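Hi,

Here is the structure I promised to pass on. Have a look at it first, and then read on for what turned up.

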Amino acid sequence: MAGWCPGRKPRPGHPGNLREQQVNSPDTAPPGHRAARRRPDLATITAWWRGLGGDGFLVLPPPKRGRYTQSDGHEDAAELLAARGSTGPASFAYWHWQSHERAFDRSGALTGELLLHWGGDHAAVAAGLGEGPTGFRVVDGGPRSAFRLDRVTHRDDAGLPDPMDPDGVRQFLDALDEPVDRRTSTPRYRALSPVEAEWLHDRLRDPLDLSAATRFAIPLERRDGLTPDETERLLRAWRVGYEGRLAEWDAWGELLHALLRHGHEEAWEIVAALGSRVSGVLREVPSERGLAVVRGFALAGDRGAVPAWLALHRSVHEPDAVRAAASLAAELAAPGVPETALRELYHALIGAVTADWSRRTGADHHTERQWAALAAIRFGTDDRLPRSLRVLAAYAARDHADLVREEALRPGRSVFVGTGTAEVLAAVDRYEAARDGLLSGTGPDLTAYEGTLGDVWHRYRTLTDADVRWLRERVSDPATGLQGLGFCLELLLSHGLATDSDVEALLPRRLKDLTKKYRTTYTEWRHPLVTLTCLALDLDHPAAGKLVSWWNGARPAWKDELRLLTHLGAPDEAKAAELWDFVVSPAHDVGQLMTWVLVRARLDGEHPLLVADRLIGTPGIREHDLCQVLIGVADPGQPLWHYAVDPRSRGWWQRAVEVAEHPGLSPAARAMGLRTARGHCLLHHPDQLCPAPTEAERAAALSWIARHAEG
């Protein structure tokens with residue numbers, strides 16, 4: 001198996017998490033551990049934490065639920081620094097509520113690493129945190145990662161923990177759980193030493209306690225280590241302990257792998273009981289029977305089974321990834337198979353050929369990404385593939401052609417091992433000649449992660465006729481989900497291209513779906529029912545009254561924080577006044593300030609940038625929120641509704657530059673634009689942009705910053 005894992009990990013804090021199966025009671029721990037735990041860990045850590053700070057280093061107070069993410073932490077730091085009147089650069093550290101819940105149990109005992117996030121100068125933060133409180137240690141994760149706080153534990157001369165020390169066992173198992181290579185679909189783990197393997201096997205001796213055995217069985221089988229006897233005993237205990245709910249056991253994937261590896265006939269009963277979730281396990285033990293099972297899952301519409309299907313087809317029938325993918329694409333073209341399955345096949349193809357090349361060349365992660373971009377460019381014009389896959393390849397490659405050309409022309413070296421410069425440049429030329437014909441009337445995968453869609457949002461500041469047709473088709477398609485509707489309808493409305501036909505396409509047929517909760521905290525678009533209501537109001541559509549009544553109703557409660565965003569439709573002074581009362585209140589802003597600025601601009605007939613500019617220094621309006629709005633309305637034809645500035649977005653960079661250079665804005669407003677641009681990842685962490693910028697793009701950005709440096 002060499003490093004297989006089932007691709008399914010319980011969430012930290014979930015009732016099925018392995019951590020909760022550890023012996024961590026002070027009454028059952030060895031005497032030394034009982035003494036160390038008389039005072040709750042949280043109290044000890046908090047007391048140490050409150051004693052930190054000074055000399056340009058700030059620690060935020062321990063979190064409450066309102067600080068849920070890293071973005072919240074950075075916002076809290078900005079507010080605290082502003083409240084203290086700090087204007088210069090500062091370094092700070094904090095932890096957020098998600099880290100808190102993962103690290104502490106209800107009694108305040110530390111049951112896992114506490115991640116300490118930070119901002120500013122890494123060396124200053126490291127010095128400020130120091131070694132940690134007595135009995136604990138702080139581990140520096142490096143300039144790109146969090147610091148980690150955990151308990152100090154002890155190992156014997158062979159590096160093994162005391163089996164009765166829950167923290168030592170947890171840390172030992174966590175170390176075994178860390179892959180040595182994450183780049184493939186099946187992470188690889190380091191081999192066990194003989195004493196480590198024996199220590200794990202000892203934990204699986206009779207009598208077998210399944211809950212206690214789980215966390216020891218997993219690292220063994222990830223290295224093909226479970227014996228036939230251990231596999232049999234675990235199977236019996238699993239069947240009894242989890243009857244009727246087999247998938248709730250955390251080690252089901254590893255045990256199924258062991259059953260298949262040992263040729264246990266009962267494995268296929270388990271496969272039938274668990275369904276398509278077993279695809280990733282079956283791909284690691286190839287067989288005709290497993291291939292047939294996974295093929296059935298994929299053709300039934302399970303997109304997650306497609307990569308396993310391609311891998312099994314290659315293992316059993318056709319090693320060549322391109323020919324194998326073409327064969328599968330023909331089957332996926334059957335009626336009733338969703339389009340998402342074909343997209344998954346394309347991603348599996350790119351992943352497969354990149355992994356093949358990486359194994360041959362020993363490429364690192366950066367080189368793999370470059371070669372995958374070249375592979376996409378080639379596949380866009382590869383006649384061995386059906387047009388459907390070539391279109392997907394062309395779409396994936398659209399932002400990578402310049403990167404690949406730049407890499408091929410780099411003097412002295414090229415990452416494209418085994419491929420000459422002329423060959424690479426010819427592939428790029430062929431792709432660019434065919435690109436427009438392939439991409440006309442296409443768009444992104446609307447079911448993708450929101451961040452992936454956000455990466456392409458800047459492409460739609462202007463729309464072609466083909467874009468508009470595609471957007472309207474998606475709006476009228478009953479299969480388009482709330483995320484897709486939000487994306488498409490926002491673009492049509494913001495560009496002034498949405499019509500009565502778009503309203504009719506959604507009402508009343510989709511009203512039940514549209515009234516469901518859909519969080520858009522991290523996106524550039526609003527809840528689709530907000531957008532639809534604004535459209536209906538602007539058009540004076542007969543459905544507008546019904547929609548407004550729904551927003552004004554008592555239930556569901558989730559809509560209350562979004563109701564005022566609908567005031568952008570057919571705005572008037574009363575709506576503007578209600579919005580204003582909200583934005584100067586302490587209530588949490590989820591787009592109300594942005595809405596007020598756009599409403600005021602429509603009512604007064606001026607650019608929203610000028611409206612936002614006049615708000616600088618207004619009591620009750622946080623500068624952080626106003627900066628986000630100022631950048632977001634730089635293009636009133638496509639506002640950026642993201643709740644905070646996204647430093648990895650090309651759209652935010654472009655608009656920050658526009659604000660900084662706008663001749664009609666005040667110096668304070670232009671300074672906000674410049675400050676936003678200075679913090680962008682294009683300058684400091686270009687690899688966090690997707691796709692990564694060319695050297696020419698980054699050089700232009702650095703040159704712009706240099707020209708706008710403070711005197």
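With which residue does Arg-144 form a salt bridge, and how far apart are the closest N and O atoms? The partner is Asp-687, and the closest N and O atoms are 3.3 Å apart. Please keep in mind that this is a predicted model.

The chain is divided into domain 1, residues 42-151, and domain 2, residues 575-710, with 28 Å between their C-alpha centres. Six residues of domain 1 are in contact with seven of domain 2. Between them the two domains bury about 530 Å², and 35% of this area is on carbon and sulfur atoms. On the domain 1 side, Glu-75, Glu-79 and Arg-144 lose the most area to domain 2, together making up 81% of what that side buries. The count between the domains is three salt bridges, and for polar contacts it is two residue pairs, both at pLDDT 80 or more.

I also looked at helix H11, which spans residues 267-274. Ala-267, Trp-268, Ile-270, Val-271 and Leu-274 are buried there. These residues sit on the same side of H11, because they cover an arc of only 155 degrees around the axis. Ala-272 and Ala-273, on the other side of H11, are exposed. The packing partners of the buried residues are helices H9 (228-241), H10 (252-261), H12 (279-282) and H13 (288-299). After H11 comes Gly-275, with a positive phi near 75 degrees.

Best wishes

How values were computed
Residues numbered from 1 in each chain as written. Predicted model: local features only at pLDDT ≥ 70, side-chain atom pairs only at ≥ 80, totals over all residues. Heavy atoms only, no water. Buried < 20%, exposed > 50% of the residue type's maximum accessible area, 1.4 Å probe, protein only. Helix = DSSP H or I, 4+ residues; strand = E, 2+ residues; numbered from the N terminus. Arc of directions from axis to C-beta. Contact = heavy atoms within 4.5 Å. Domains from an automatic or database assignment. Buried area = accessible area lost by both parts, 1.4 Å probe. Salt bridge = Lys/Arg side-chain N within 4 Å of Asp/Glu carboxyl O. Polar contact = N/O pair within 3.5 Å; in protein donor to acceptor, adjacent residues only side chain to side chain.
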